[in-house]
Amino acid sequence: MAKKREFDTKELMIISHYTRETFLSLDQVCHICDISPEFIDELIDQNIIHPHENVSAQFMFSLSQLRRIKTAKRLQKDLEINLAGVALILELLEEMAKLREKASLLDKYFL
Amino acid sequence: MEYKDYYDVLGVDKKANQAEIKQAYRRLAKKYHPDVSKESNAEEKFKEAKEAYEVLFDPEKRQAYDALGSNWRAGQEFKPPPGWGKEGGRTSFYTGGNDFSSEDLGGFSDFFSQLFGGRARAGGFAERGRDQQAKVVITLEEAFHGGSKMLQLSAQPQARTLKINIPAGASTGQQLRLTGQGGAGTGGAPAGDLYLEIEIASHPLFTLQGKDVYLILPITPAEAALGAQIKVPTLAGAVDLKLMPNSQAGQKLRLKGRGMPDKNQRGDQYAVLQIVIPKADTLEKKQLYEQMVKLMPFNPRQHWVV
């Protein structure tokens, strides 16, 4: 029986678009990240995320913000740093990404 | 299942105290945390350190681990000693401890789960599958033109092919969420989600700076001095660039709107001039350079105070 199932297993094709901008609600984000709304408030206080608000003044989170929330939570927990430290690290990481871009251009310029 | 030498992972002595274990973990965590580290095997190293710390910092877990004896080697095939009375993948001798959140960076090893249980292995109750994160590496051309990319997902109950449509102007870090395509749930619970992140691979010719595309353009001294019409590659094909007379190395010339597509404003392309000098490898060529010195004496370092 188990063997037969293997043969039944056809390859599924799933098509997905990067073009569709996905927004998540506060509830969804809290559920996905296993965090409290208070944690989100702290992240906003620390300028770590800037959620959009919809017409009824409810938060809407983009996927890149969701990613920042996850990163912030991990850094806080794994490296035992407070959110002010997390905010600073995230800023520095962005700065480093820009500098890396510049450095890769310079690498091409130098003979 | 392989035996893990947690002391070796943290690089501490078997007699190390809690402070030393904490210190060792912190050092490794800073070095290998995947959100910060650029080390190639950062995630794996970090997980190992975290798991080792989880066991060795907790006196109860450490005692249970030490009780396995010291004859084991890392990587050795490990079989739990008889009398451990496993049920549903859980060992019965150890039941306390933390609840591991599935939001952590992946799970712990099979070895850990055998010894200490842990949610991922615990059967019998329903649990939503783990969320997963993967990178989709695309070329700069793919990012510029858009297109579709096929991905194989094999580590699932069912093999699947994902066809990801990438928009023109895609950028590194862009996220896509595929609900229900992550890790499988247990006990009838739904699967987790799959997050895909775009990464644009570096290109031999072009370099991205935000939405702008930079190209190093090698030119001859004659072209720089006299001006020229030069065919320059862009991501949308070659264009003619008018090089003004008396151009200098390091100057950047803008090709407006030839950068990455963007919903607000399209990026530009910049050609950065790099003058390449022909070698003075014959008598005639040497004389020509000498003639230049006579005809055009100039000192590019004249403002230096040396």
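1. B:D193 has a relative accessibility of 5% and therefore counts as buried, where buried means under 20% relative accessible area, exposed over 50%, and partly exposed in between (1.4 Å probe, protein chains only). The model is a predicted one, in which local features need pLDDT of at least 70, side-chain atom pairs count only at pLDDT 80 or more, and totals for chains, interfaces and linings use all residues. Residues are numbered from 1 along each chain as its sequence is written, chains are lettered from A and ligands numbered from 1 in the order in which they are written, and side-chain values use heavy atoms, with hydrogens and water left out.

2. B:D193 pairs with B:R128 in a salt bridge, with 3.2 Å between the closest N and O atoms. A salt bridge is here a side-chain nitrogen of Lys or Arg within 4 Å of a carboxyl oxygen of Asp or Glu. The pair links distant parts of the chain, 65 residues apart: B:R128 is in the loop between helix 5 and strand 1 (132-138) of chain B, and B:D193 is in the loop between strand 4 (175-178) and strand 5 (194-200) of chain B. Helices (H or I, at least four residues) and strands (E, at least two) are DSSP runs, numbered from the N terminus. B:R128 counts as partly exposed because its relative accessibility is 30%. A network of salt bridges links B:R128, B:D131, B:R177 and B:D193.

3. A further salt bridge joins B:E199 and B:K135, whose closest N and O atoms are 3.4 Å apart. B:E199 belongs to strand 5 of chain B and B:K135 to strand 1 of chain B, so the pair ties together parts that are 64 residues apart in sequence. With 28% relative accessibility B:E199 counts as partly exposed, whereas B:K135, at 51%, counts as exposed.

4. B:D281 and B:K285 also form a salt bridge, at 2.9 Å from N to O. B:D281 is exposed at 52% relative accessibility, and B:K285 is partly exposed at 38%. Over all chains, the count comes to 17 salt bridges. In general, side chains of opposite charge can pair when their charged atoms come close.

5. Which residues of helix 4 of chain B are buried? In this helix (residues 59-66), they are B:K61, B:R62, B:A64 and B:Y65. They cover an arc of only 160° around the axis, which puts them on the same side of helix 4 of chain B; the arc is that of the directions from the helix axis to the C-beta atoms. B:P59, B:E60 and B:Q63 are exposed on the other side. The cover over the buried residues includes helix 1 (6-10), helix 2 (18-32), helix 3 (42-56) and helix 5 (110-116) of chain B.

6. Helix 3 of chain A (residues 37-45) has A:F39, A:I40 and A:L43 as buried residues. Seen down the axis of helix 3 of chain A, these fall within an arc of 100°, so they line one face of the helix. A:E38 and A:D45 are exposed on the other side. Among the elements covering the buried residues are helix 2 (26-33), strand 4 (59-62), helix 4 (63-78) and helix 5 (83-109) of chain A. Just after helix 3 of chain A, A:N47 takes a positive phi of about 65°.

7. At the surface, A:M13, A:I15 and B:M150 form a nonpolar patch with about 310 Å² of accessible area together. Patches consist of residues with over 30% relative accessible area and no salt bridge, like charges being joined within 9 Å and nonpolar side chains (Val, Leu, Ile, Met, Phe, Trp, Tyr) within 5 Å. Accessible areas come from the Shrake-Rupley method with a 1.4 Å probe; for residues, only the protein chains shown count as cover. A:M13 lies in strand 1 (residues 12-17) of chain A and, at 46% relative accessibility, counts as partly exposed.

8. Chain A contains five helices and four strands, in the order α-β-β-α-α-β-β-α-α from the N terminus on. Of its 111 residues, 32% count as buried. Chain B contains eight helices and 11 strands, and 39% of its 306 residues are buried.

Conventions
Contact = heavy atoms within 4.5 Å.
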